[in-house]
Structure formats: structure tokens, C-alpha cells
Amino acid sequence: MDRVRSFISFACLKRSSTPSLQKKLLDEESLVESEPKARSRKPAWKAMPYILGNDTIERLATFGMQANFMVYLMRVFNMDQVLAANIMNTWQAVSNITPLIGAFIADAYLGKFLTITLSSFASLVGMATVMLTAWVPQFHPAPCSIQQQQIGVCKGQTNFQMGVLIFGLFWLSVGTGGIRPCSIPFAVDQFDLTTAEGRQGSSSFYNLYYTTQTLIMLINQTLLVYIQDSVSWTLGFALPSVFMFISIIFFFAGTKVYAYVKPKGSNFSSIVKVLVAAQHKRHFHLPAAEDTRGAFYDPPQQNDSEVKLPLTNEFRCLNKAAIVVENELNNNGSNKDPWRLCSIQQVEELKCLLKIMPIFITSIIVNIPVGQLPIFAVSQALKMDRNLGNLEIHAGSISVIMLLSIGVLLPIYDQIIAPALEKITKQEGGLTTLQRIGLGHASGILSMVFAGLVEIKRRELAISLGASDGVAPMSVLWLAPQFMLLACCHIFATVGHTEFFNNESPDGMKSIGNSLLCLNVSAASNLSSFIVNIVHSYTGEQGQPDWLDGDINKGRLEKFYFFIAALGVLNMCYFIFCSRRYHYKTSPKG
């Protein structure tokens with residue numbers, strides 16, 4: 001469910017009196033400037049129609065390409081299920097790794113605007129290539145009926161055809177690697193986070209972002225899948241390509257409105273310098289708290305838009321990297337050797353990354369219910385009464401309940417619940433990001449517990465009163481509460497993690513912080529596969545069915561659900577332990 005997901009902090013620059021439009025466009029990653037001693041005004045919501053328009057249409061294109069791709073590989077490329085699954089898993093794995101590379105390039109060299117621009121064209125090339133594999137007969141194997149596929153007499157794909165397909169998927173992954181980690185940070189760049197209005201705007205943007213993403217998922221799982229299955233694969237892939245082209249037009253339409261943030265250069269070299277300097281001065285003693293004036297290297301910020309971080313006592317051993325000793329400074333106050341002396345800002349930026357790592361680890365396990373519940377709920381739905389009057393609900397469509405719940409509950413939370421909580425807690429947004437994430441943990445646990453309780457009842461009815469096909473006389477709508485709780489997990493945990501990683505990452509590494517969301521989804525997917533394999537292999541005793549037996553009435557799916565819930569409880573305890581000791585980079589505004 002990494003699609004349901006899917007990042008921020010700076011103020012303003014001073015400017016020289018009248019910069020030309022040409023200069024601003026050439027230096028696309030410099031902030032919109034203002035008169036001396038006056039704060040530059042960020043465009044805020046004025047830029048959102050262009051950014052959200054681009055991002056929404058881009059996701060419509062990307063998710064539309066992915067929604068039914070497994071079926072495409074099996075039906076059009078005549079692949080067996082194993083080969084198709086391997087290609088899909090490899091593509092998804094690469095697409096969850098490339099954002100780390102794209103984030104580094106954006107933060108260090110190109111900036112977010114240029115990275116999104118180049119990546120959008122890369123995605124367009126990939127989508128057009130995949131569309132051609134469906135349109136051009138030479139680019140895919142000869143058509144084969146389902147009966148021929150079952151008996152294995154279909155002609156397989158040639159190396160050339162496979163090469164064209166992989167070429168398209170490669171460029172799609174390149175596009176994902178640049179767009180996914182940069183789109184949200186670039187949007188948040190448009191808000192002035194030094195003001196309450198700007199912080200509230202950025203928080204509302206996160207909620208709006210995931211609301212639109214939910215609507216996109218609904219469209220893709222209904223309309224586009226129908227076109228691909230029942231009308232034409234060529235048209236089903238051509239539409240995402242057209243959508244991608246339109247999204248690029250939307251993005252460029254706002255170039256005169258956007259606020260741009262200049263890339264800082266490689267932050268990884270700064271991290272290494274702090275570690276080397278701290279290691280070199282490991283035998284030095286830190287000065288007493290009342291005797292720190294002039295003891296640490298603290299030069300003025302070169303970029304006024306960055307938040308200046310104060311020296312903290314967390315990871316105190318790293319503070320030694322900023323201790324000034326004799327002959328380490330030039331006459332102008334600059335350091336002679338950056339590998340022996342680092343600034344307080346460099347030290348604190350490394351601490352920011354170290355502090356968010358425990359929260360990142362907990363974010364992996366909280367994503368397991370998000371990935372597992374929709375999969376096994378399909379098996380439950382197949383053995384339940386899916387008739388609503390004259391309408392039959394498809395088992396594979398049961399997860400639409402979660403998408404609808406997100407689309408309804410997220411705006412309610414943003415517009416009604418959060419303002420009400422703010423009046424009670426006197427806290428901007430009503431809750432801190434960690435409190436919001438904690439509610440996501442609880443929602444994920446409750447979803448698995450409720451799913452287990454429903455499964456106990458369903459299995460009892462199927463065995464005692466069920467028909468010969470094993471279908472229980474129990475409405476499929478009993479699965480709705482667990483999906484509504486899973487929607488709450490998204491609303492609190494997914495959106496909360498997005499805001500947390502953006503706010504708490506160093507200013508020059510926002511895109512890298514955002515890419516952690518892709519990494520935790522990938523890690524959760526791999527961990528889920530490992531758990532499923534272990535449960536499948538070791539829970540069957542003396543020839544008895546295991547918990548995840550192919551016949552759900554013989555298995556004990558509820559025990560698997562309770563196991564994931566127990567794992568979630570342990571993870572939540574660790575999260576509470578870490579969050580109670582966490583100090584925000586800048587104190588939450590109350």
C-alpha cells in the first residue's frame with residue numbers, strides 16, 4: 001500500500017533591490033527576495049493550484065500505470081505468475097530505492113524544481129514506452145487465450161520485447177526517484193514556516209495531499225482498470241501518458257509564482273567531516289555549561305533562510321567536533337581545516353538525522369497492517385456473503401472502503417477535529433506530530449484485533465452453518481470497521497510521518513527526509529514477506545494446516561492477525577519510549 005502514501009522548514013532571504021525575472025528564472029533555486037530588512041513573502045496557497053495540479057495528475061498517471069500491470073504482464077506478455085510477480089517486485093523495489101538517490105541529487109546539486117522537471121520527462125518517456133509495448137505488435141508476444149496460457153502453449157516474449165519493457169520500467173523508476181521525494185518538500189517551500197499562518201497552511205497541505213491521493217486511487221482502481229481490462233490496453237496506458245504530459249504543463253505554468261530554495265551542496269560530506277573531527281578530538285574535555293562562550297565554532301549562517309540550530313546536549317560526544325583549539329581559525333574567523341573543526345550547525349544537523357532514526361524504525365512495523373490487511377481480507381471476503389440486494393461486491397474491491405474512509409475522514413479531521421483540539425490543547429494543529437503518529441500506531445493495532453475477532457466469528461459460522469463452498473452466512477460489510485480503522489492509521493501515521501520527517505530533517509536534507517517514507521514502505525513490505533513465510537512454514541504441526549492455509553476455513557488467520565497486533569503493541573511501546581525522550585528541532589508551537 002505504498003501508493004496510499006507517499007514531506008520543510010525555512011524562513012526568508014534578503015534581496016538586492018530589483019532582480020530581473022530573467023535572473024530569477026536562471027537561478028531557479030534562489031528564494032524570492034524582498035527589500036533589505038523586510039521578510040520575503042512566500043506565495044503559500046497561490047502556488048498550490050500549480051503544484052497540486054501537477055502532483056495530482058502525475059499520481060493519476062503513475063498509479064494508473066501500476067494499478068493493473070500484473071494482469072498486463074500475464075495477459076499481453078504471456079508471463080507466468082512467478083515471472084510477472086518477480087518483475088513487479090523488482091520494479092517496486094527499484095522505485096523505492098531511487099528516491100534516496102533523487103533526494104540526494106535534489107538537496108545537494110540540482111534543487112527540487114529542476115529535479116522534478118527532469119524526472120517528469122523521464123516518467124513521460126517511460127509511460128510512452130510502456131504504451132508502445134501494448135500498441136505496436138512487434139513489441140509484445142502474439143496474443144494467447146487463457147486456455148492456451150493454462151496448458152503452456154503460448155509463445156513467450158523475445159529478448160527484444162523484454163528489453164523494450166525493461167527500458168520503459170527503468171525510466172518510470174527514474175521519474176519516481178525524482179518526483180516522489182521532492183514534490184511535497186517543494187510544496188512546503190511555498191509556505192513561510194516562521195509564521196503561524198504558514199505552519200497551519202503546510203499542515204493543511206499534508207491532509208489535502210493525501211485526500212487527493214485517495215481520490216486518485218479510487219479512479220485508478222475503477223475507471224482505468226475497467227478501460228485496461230475491457231476496452232483496450234493501449235488506451236489504458238495512453239491515458240496515463242497524456243495525464244503526465246498535462247501535469248508537466250501545470251508545473252511549468254507556476255514558474256513565476258514559486259519560491260525557490262537553493263541547494264546547499266553535499267550534506268553527506270558535512271556528516272563525514274563531523275564524525276572525523278569528533279574522532280580526532282575524542283580525548284578533549286567539553287567545557288562546563290557556564291563556560292562555553294567562544295569555546296565552540298559558531299560562524300554566522302551563509303543562508304538567512306535556514307533555521308540556526310542551538311547547541312544541545314544530545315549526543316554530546318559529537319560536540320567535540322566544534323571545540324576550537326589553538327591555531328584552528330584564520331584571521332577572518334574561518335576554520336583552517338574543515339576536517340578538524342566543524343560548526344555547531346553542522347554538528348546539530350547530524351544530530352537531527354540521528355534523532356529521527358528510532359522513529360523511522362518504528363514507522364516500518366506500523367506499515368505492516370497497511371500492507372497485510374488488504375491482502376488477506378480478500379480471502380475473507382471470498383468466504384462471506386457479498387450480496388447487497390441485487391448487487392454483488394467483488395472481493396478485490398473490498399479495500400475501496402478504506403479509500404472512501406480516508407477521503408471522508410481526513411477532511412473532517414483537518415477542518416473540524418484539529419481546530420477543536422487546538423482550542424483544548426493550545427497546540428498548533430491540535431496535536432504534535434508524534435502524538436498524531438501515536439494515534440496511527442493505536443489505529444493499526446485495533447484494525448488487526450478487530451480483523452481477528454471478525455475472522456473468529458466468520459470461521460465459526462462457515463464451519464457450522466456454511467454452504468458446501470465454505471461461504472459463511474455473514475455479510476462482507478463486517479470487514480468495513482477494520483478498513484475504517486486502517487484508514488485512521490493512514491490519516492494519523494502516514495500523514496504524521498510525512499510531516500515529522502520534513503519538519504525534523506536538516507534544512508538542506510528535506511528531500512532525503514521525505515525519501516525515508518519510501519524506504520519504510522519498502523522495508524515493511526520485505527519484513528511482511530519474511531513474517532508470512534515464517535508463519536507459513538512453522539505454524540503447521542504434524543500435517544495440520546498452517547495459519548495461512550490456502551483454505552481459509554482450515555487455517556487460523558485470526559492468529560496471524562493477533563500476532564501482527566502483538567508485534568504492533570511492542571513497536572508502540574518502543575515508539576512511546578523514543579517519543580517521550582525526543583526533543584523537536586524547534587519546539588512545537590503552542
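Visitor: Which residues have the most contacts inside the largest nonpolar core?

Guide: In this predicted model, the largest nonpolar core has 71 residues, and those with the most contacts inside it are Phe186, Phe205, Tyr258, Leu479, Phe560 and Tyr561. Helix 15 gives the most to this core, contributing 8 residues. Another core lies apart from it, with 33 residues, including Ala295, Ala321, Ile344 and Phe360.

Visitor: What is Phe560 in contact with, leaving aside its neighbours within four places in sequence?

Guide: Phe560 is in contact with Gln372, Phe376, Ile531, Val532, Val535, Trp547 and Leu548, once those neighbours are set aside.

Visitor: Why is helix 14 described as roughly antiparallel to helix 15?

Guide: The axes of helix 14 (residues 433-464) and helix 15 (residues 480-504) cross at roughly 155 degrees and come within 7 Å. Angles over 145 degrees count as roughly antiparallel, and therefore helix 14 is roughly antiparallel to helix 15. The crossing of helix 14 past helix 15 is left-handed.

Visitor: How do the residues of the contact of helix 14 with helix 15 divide?

Guide: That contact of helix 14 with helix 15 comprises 17 nonpolar, 9 polar and 2 charged residues.

Visitor: What makes helix 2 and helix 7 roughly antiparallel to each other?

Guide: The axes of helix 2 (residues 48-66) and helix 7 cross at roughly 150 degrees and come within 11 Å. With the limit set at over 145 degrees, helix 2 and helix 7 are therefore roughly antiparallel. Helix 2 passes helix 7 in a left-handed crossing.

Visitor: Which residues make the contact of helix 2 with helix 7?

Guide: Helix 2 supplies Met48, Ile51, Asp55, Glu58 and Met65, while helix 7 supplies Leu172, Ile179, Ser183, Phe186 and Ala187. These residues divide into 7 nonpolar, 1 polar and 2 charged. Phe186 is also among the residues with the most contacts inside the largest nonpolar core.

Visitor: Why is Leu169 called buried?

Guide: Leu169, which lies in helix 7 (residues 159-188), has a relative accessible area of 5%. Buried means under 20%, so Leu169 qualifies as buried. Not counting residues up to four places away in sequence, Leu169 touches Phe69, Ile87, Trp91 and Val130. The C-alpha atoms of Leu169 and Met127 are separated by 8.1 Å, although the two are 42 residues apart along the chain.

Visitor: How do you know whether Asn78 counts as buried or exposed?

Guide: Asn78 has a relative accessibility of 14%. The limit for buried is under 20%, and therefore Asn78 counts as buried. Asn78 is found in the loop between helix 3 (69-75) and helix 4 (81-110). Its phi is near 55 degrees, a positive value in a residue other than glycine. Most residues other than glycine have a negative phi.

Visitor: What makes Lys426 count as exposed?

Guide: The relative accessibility of Lys426 is 59%. Exposed means over 50%, so Lys426 counts as exposed. Lys426 lies in the loop between helix 13 (400-425) and helix 14, and phi of Lys426 is near 60 degrees, also a positive value in a residue other than glycine.

Visitor: Why is Gly156 called partly exposed?

Guide: Gly156 has 36% relative accessibility. Gly156 is placed in the loop between helix 6 (146-151) and helix 7. Leaving aside neighbours within four places in sequence, Gly156 is in contact with Pro141 and Gln161. The C-alpha atoms of Gly156 and Asp80, 76 residues apart along the chain, are separated by 9.7 Å.

Methods: Residues numbered from 1 in each chain as written. Predicted model: local features only at pLDDT ≥ 70, side-chain atom pairs only at ≥ 80, totals over all residues. Heavy atoms only, no water. Axes fitted to C-alpha atoms, helices over the stretch in contact; angles between N-to-C directions. Helix = DSSP H or I, 4+ residues; strand = E, 2+ residues; numbered from the N terminus. Parallel < 35°, antiparallel > 145°, perpendicular 65-115°, else oblique. Left-handed = near helix turned anticlockwise from the far one by under 90°. Nonpolar A, V, L, I, M, F, W, Y, C, P; charged D, E, K, R; others polar. Core = buried A, V, L, I, M, F, W, Y, C linked by side-chain atoms within 4.5 Å. Buried < 20%, exposed > 50% of the residue type's maximum accessible area, 1.4 Å probe, protein only. Contact = heavy atoms within 4.5 Å.
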